[in-house]
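Hi there,

Here is the structure I promised to pass on. Have a look at it first, and then read on for what turned up.

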Amino acid sequence: MRAVFRYIRRNPSLVLGAALLAVLALFVLVGSLVVDTEDARPLSAPALRPPSADYPFGTDRQGRDLLAVMVAGTPLTLRIGFVAGFIGVGLGTLLAFIAAYYRGLTDTLIRGIADIGLTVPGLLVLIIIAVSIKGTLTVNQMAIIVASLAWLYPTRTIRAQVLSLRERGYVEVAQLSGMSGAGIIFFELLPNLLPYLAATLVGAVSSAILASIGLEVLGLGPIDSPTLGMTLYWVNFNAAMINGWWWWWTAPTVIILTVFLGLFFLTVGLDEIANPRLRRSA
Amino acid sequence: MQLTYIARRFGVFLLIVWLAATLNFFLPRLSGQDPVRAKLLEQASLGGYVQGGIEEMTREYERRFGLDRPLWHQYLTYLHDVSRLDFNYSIANYPRTVNELIADALPWTIGLLGTTTLLSFGIGTLLGALLAWPRAPGWMRWLMPPLWALHAIPFFLLGLILTYLLAFRLPLLPIFGGYSTGAVPTLSWHFAWDVFQHALLPALSIILVATGGWALGMRGMMVTTMGEDYVLFAEAKGLKAPTVFLRYCVRNAVLPQVTALALALGQILSGAVLVEVIFGYPGIGTLLYQAIRENDHFVIQGIVFTVIVALGFTTFLLDVVYPWLDPRISYRRA
């Protein structure tokens, strides 16, 4: 227990990140017990009320209770991020191992695609994909669209990690002792890669959320779902800033800030676990 | 040798152009949308038209637009059009061509993005270097936490907050657009000042966030570089501190920063698109936003293609300049 406390003191970013996300989780949890998320639909409250006792976050122009919107929308946005992030890191890990294991042409091909893909502005490619899909999007479709590019960065960085890991002494020992290729991957490489994968996952979730909010603000999101990005789309659509309806954009802004700061500090903290050499420099 | 390096980089650039065009061609077709039929049905429902002749009309129009030809033929025609930078007409702004619309918007985006990227890269790199330098003034250490926090925020979200504080609460700066409504774009000091004022808030929201990122990256690199033997040697030789700082530490630590810049351009642009939308800045981002709202597919495709090609070319330029910055890599396979 004492060791845990001592470590926490040395890695404050991890604690800060986890705390911010915990506050958010608590908000959603308590909120969903207190608030009826049905009020996140249009016309369930009087329009454009500033925060009051009845509507603590105010209401928007279409008559959504913004507190209900936040309670219903935060998990939706996080879901898009987590689904896309998991697919991205999963696919990335697989491709990274294939590239690092077979080397040669396969490696060149996978690395080449990842490198070129990374220089292309992701949001624009996602826009073309989203525009090509018929009808209104669902939250899950949104996650899959975002995931279609989410594997690029993980592939690149995990490949580099695997390449450096496989030169380590213990991998050589395992090889000499007759361990199979799959055995080495699962029992020698993966366990050592886990902290690094965790840090990459958090980073991927964060970029996936950013990409989904970007698409949504441009009007390419799930129109019927009250996600955080869609709320900002309506804010922009109705020019809430110029009209002085400050409460409309304050709530989603604060929540999105908490999400990004939380995930960022969590990545920094996990990076420090994964890469102890950073401890001196960061 | 130098030439093969440039040729290889240019090959990658051409590959990106081809990929962007192919993506633009095939993705909308994969979804099975039938643009002619959809448009005709829309017209028919507007005019209360009898649907009897729709099939023949669809076929006739498809023949005229060449949509009845085999896919590979359409693909080659498309590549040919794209190579001449012909992106067709805008559906919502007919008879203006997609090209004209993009040409109007592009200078705004290039101006805003070019200036902010160079400024934030320069300031951030210098700041990061100083943050790692032990002789730097003590108060600089207090800059770290805000830089970290700012770095994690999306551009446009900071834009929202800044707009509220500096344009709405304290009406110091204009809230919306690229120049005042009613102002006529002319080459005068008055108009330039107007444009500058309007650009300040969008620029600030990009610079504040991006500077943090560059400073953090540079600081990390500086710490590693300062541990190198040649720095110790330079100090032991009795070189002046500024010389060691600039010629030995910064000179070497800045190299990975330039590589990172080439990789970050796409992300910066994605972020800037949203900043333009939030501020109604008359650049590519706002044009794209309007095109999405009006379902103007040709404009969307034209913008995506143009931007990917422009960024690909910038990356190519950076690649060409890089060996000059770092003589060690010029002859190696990169």
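What is the handedness of the crossing of α6(A) and α9(A)? The crossing of these two helices is right-handed. Before I go further, please keep in mind that this is a predicted model.

**Chain A in outline**

Along the principal axes, the C-alpha atoms of chain A fill a box of roughly 75 × 55 × 30 Å.

**α6(A) on α9(A)**

Back to the pair I asked about. Helix α6 of chain A covers residues 139–150 and helix α9 of chain A covers residues 181–217; their axes come within 10 Å and cross at roughly 125°. That angle makes α6(A) oblique to α9(A). On the α6(A) side the contact is made by A:Met142, A:Val146 and A:Ala150, and on the α9(A) side by A:Ala204, A:Ser207, A:Ala208, A:Ala211 and A:Ser212. Sorted by class, the residues of this contact are six nonpolar, two polar and no charged.

Helix α9(A) deserves a look of its own. With 37 residues, a straight helix at 1.5 Å a residue would reach 54 Å, but the end C-alpha atoms of α9(A) are only 46 Å apart. There is also a kink of about 50° in α9(A) at A:Leu190, shortly before the proline A:Pro191. Just after the helix ends, A:Gly219 takes a positive phi of about 95°.

**α2(A) on α3(A)**

Another pair to show on your screen is helix α2 (residues 12–34) and helix α3 (residues 66–102) of chain A, which pack at an angle of about 130° with their axes 9 Å apart. That makes α2(A) oblique to α3(A). The crossing of α2(A) and α3(A) is left-handed. Here α2(A) brings A:Leu24, A:Val28, A:Gly31 and A:Ser32 to the contact, while α3(A) brings A:Val71, A:Thr74 and A:Pro75. The residues of this contact divide into four nonpolar, three polar and no charged.

**Where chains A and B meet**

Now to the interface. Chain B puts 45 residues into the contact and chain A puts in 35. On the side of chain B that touches chain A, the elements giving two or more residues are α1 (2–30), α7 (155–169), α8 (189–226), α10 (241–279), α11 (284–293) and α12 (297–325) of chain B. Which of them gives the most to that side? The answer is α10(B), with nine residues. By class, the side of chain B that touches chain A has 33 nonpolar, 11 polar and one charged residues.

One helix pair spans the two chains: helix α5 of chain A (residues 122–132) and α12(B) have axes that come within 10 Å and cross at roughly 155°. With angles over 145 degrees counted as roughly antiparallel, α5(A) and α12(B) are therefore roughly antiparallel to each other. α5(A) passes α12(B) in a left-handed crossing. The contact is made by A:Leu124, A:Ile127, A:Ile128 and A:Val131 from α5(A), together with B:His297, B:Ile300, B:Val304, B:Val307 and B:Ile308 from α12(B). Its residues split into eight nonpolar, one polar and no charged.

How values were computed:
Residues are numbered from 1 along each chain as its sequence is written. Chains are lettered from A and ligands numbered from 1 in the order in which they are written. This is a predicted model: local features need pLDDT of at least 70, side-chain atom pairs count only at pLDDT 80 or more; totals for chains, interfaces and linings use all residues. Axes are lines fitted to C-alpha atoms, for helices over the stretch in contact, and angles run from 0 to 180 degrees between N-to-C directions. Helices (H or I, at least four residues) and strands (E, at least two) are DSSP runs, numbered from the N terminus. Angles under 35 degrees count as roughly parallel, over 145 as roughly antiparallel, 65 to 115 as roughly perpendicular and the rest as oblique. A crossing is left-handed if the near helix is turned anticlockwise from the far one by less than a right angle, and right-handed if clockwise. Two residues are in contact if their C-beta atoms, placed from the backbone, lie within 7 Å. Ala, Val, Leu, Ile, Met, Phe, Trp, Tyr, Cys and Pro count as nonpolar, Asp, Glu, Lys and Arg as charged, and the others, Gly among them, as polar. The expected span of a helix is 1.5 Å times one less than its number of residues. The bend at a residue is the angle between axes fitted to the seven residues ending there and the seven starting there.
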